[in-house]
Amino acid sequence: MSESITITDNRTGEAVEIPIVNGGVDAAEWKKLLPGLWFLDPAFGTTASTESAITYLDGANGVLEYRGYPIEQLAEKSSHLEVAYLLLNGELPTAEQHDDWVHEITHHTYLHENFRRHVHDAFHYDAHPMGLLTSSVAGLSTFYPEAKDIEDPSNRMEQIVRLVAKMPTIAAAAYRFSMGLPFVFPRNDLDYTSNFLSMMFSIAEDDYVPDPALKRAMEILFILHADHEQNCSTTAARVVGSSHADPYVSVSAACGALYGPRHGGANEAVLRMLAEIGSYDNVDAYVERVKGGEERLMGFGHRVYKNYDPRARIIKDAAHDVFAVTGKNPLLDIALKLEEVALADPYFVDRKLYPNVDFYSGLIYQSMGFPTEMFTVLFAIPRTVGWLAHWQEMLEQGSRIARPRQVYTGVETRDYTPIESR
Ligand code: CMC
């Protein structure tokens, strides 16, 4: 049996045979036979926008791997910065490479003072931290104009280090600003996640160290969120980056895409939904409203996972370790019942709707003391690594500018009518 497909143009009888390679067929071959005839695929449901060697997803079987390593093993054994190195460089670091990488990140965490003041002064006191983060990351572009030289790999890596290092600092600054609390400077004696928690939560302590169980949970959540191949925000970063815009504005575009409730904003929406449901007894009625099309069950469903989201399973386990320290989140019982009811209901079963990464993460974040508005920011910090890994891969591939076509359905050519005659 030939690993190929044959397409015949019934208007002319001409045919083209296209080989199937790595589970895909090359649209350039289609274009040779049928120039000007477009595939209509509005939400990219059947379009692979690129080849990529970074992350592997098997939605039918609930598999997620970074550079070939199963997510379960990385979540159990690795750290976020080690995973970041892996995603960006293709291999796990040696001990020496690891130390150099951690040193580099640790020594790029500070923000230029003018920039830090901009974070504090330019926004209203109740600014949503995702709006603040999105515009701040774009603002970084003006501080590092050399970032425009996207052709130089070492210059690219310098900007990657800056972005990975500074995202937690910007995020914590946004939080402290919203709380009216003074900014806490980064500390070089702490690892990446501990330093982030210190910048978030320490008050008048020189020696703040987070609870080890909470620190580990943060590390796991960062690892799980580090990449997820060509999702909405990564695609946004790649599309903007394909015009050869600098990495700061490309990552800012990705932040904007992540902000929406169908993507990274879902973790925030889950908590609002659980609070709206309010009690265990109201779950059944809420599920009926979802089935009636009045609501969406936030934290449920995924474009790719049609069996289960492996990240949700790991997060559910991590939640118990967190609650052992913080006490059980009172919304957990509602979430568990919602999951139980939904998984037994044909509406959700038939549509293959399962809990996704966002269903339980918000409960952990809330128990750790993060306000709901910060949840999507907590997604953006680790995902910055994935955005940049794909941005870098795209430039290494020498890609063309992203420019889809459309199928025009408007009116045919007509003459301009003067306003008095309309
Ligand atoms: N609650 C109720 N019904 C749903 C849901 C949901 N959460 N998700 C999908 N459906 C239904 C939808 O109404 C449709 O039904 P029908 O065939 O009768 O019209 C069917 O399932 C297919 O939905 P879809 O909108 O075509 O699916 P999609 O692949 O375009 O959307 C999704 C995927 C994640 C945007 C969607 O499932 C959703 O909105 N979920 C809630 C938001 C959420 O949790 N997002 C986080 C995703 S994971 C992390 C991330 O990417 O950031």
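Select Asn-329 first. Leaving aside residues up to four places away in sequence, Asn-329 touches Phe-323, Leu-363, Gln-366 and Ser-367. Keep in mind that this is a predicted model.

Is Asn-329 buried or exposed? Asn-329 is buried: its relative accessible area is 2%, and the cut-off for buried is under 20%.

One of its polar atoms lies 2.8 Å from the backbone nitrogen of Leu-331. The side chain of Ser-367 is also a partner, in a polar contact of 3.3 Å with the side chain of Asn-329.

**Next stop: the ligand**

Select the ligand and the residues around it. How many residues surround the ligand? There are 21, and the closest are His-263, Arg-296, Leu-297, Gly-299 and Arg-303. Colour this shell by class. You will find 10 nonpolar, six polar and five charged residues.

Zoom in on His-263. A polar atom of its side chain lies 2.7 Å from an oxygen atom of the ligand. Step to Arg-262. Here a backbone N or O atom lies 3.0 Å from a ligand nitrogen. Then go to Phe-300, where a backbone N or O atom lies 2.9 Å from a nitrogen atom of the ligand. On its own the ligand has 930 Å² of accessible area, and the protein covers 72% of that.

Select residues 4-8, strand 1, and residues 15-21, strand 2. The two run antiparallel and are joined by five bridges. Pick Ile-5. Which residue is its bridge partner in strand 2? It is Ile-18. Now follow the chain between the strands. This hairpin has six residues there, and Gly-13 takes a positive phi near 85°.

Finish on strand 5 (residues 63-66). Two bridges join strand 5 to strand 6, and this pair runs antiparallel. Click Glu-65 to end the tour: its bridge partner in strand 6 is Pro-70.

Technical notes
Residues are numbered from 1 along each chain as its sequence is written. This is a predicted model: local features need pLDDT of at least 70, side-chain atom pairs count only at pLDDT 80 or more; totals for chains, interfaces and linings use all residues. Side-chain values use heavy atoms; hydrogens and water are left out. A residue is near a molecule or strand if one of its heavy atoms lies within 4 Å of it. A polar contact is a pair of N or O atoms within 3.5 Å; within protein, one must be able to donate a hydrogen and the other to accept it, and residues adjacent in sequence count only if both atoms are side-chain atoms. Accessible areas come from the Shrake-Rupley method with a 1.4 Å probe; for residues, only the protein chains shown count as cover. Ala, Val, Leu, Ile, Met, Phe, Trp, Tyr, Cys and Pro count as nonpolar, Asp, Glu, Lys and Arg as charged, and the others, Gly among them, as polar. Two strands pair if DSSP finds at least two bridges between them. Helices (H or I, at least four residues) and strands (E, at least two) are DSSP runs, numbered from the N terminus. Buried means under 20% relative accessible area, exposed over 50%, partly exposed in between (1.4 Å probe, protein chains only). Contact means heavy atoms within 4.5 Å.
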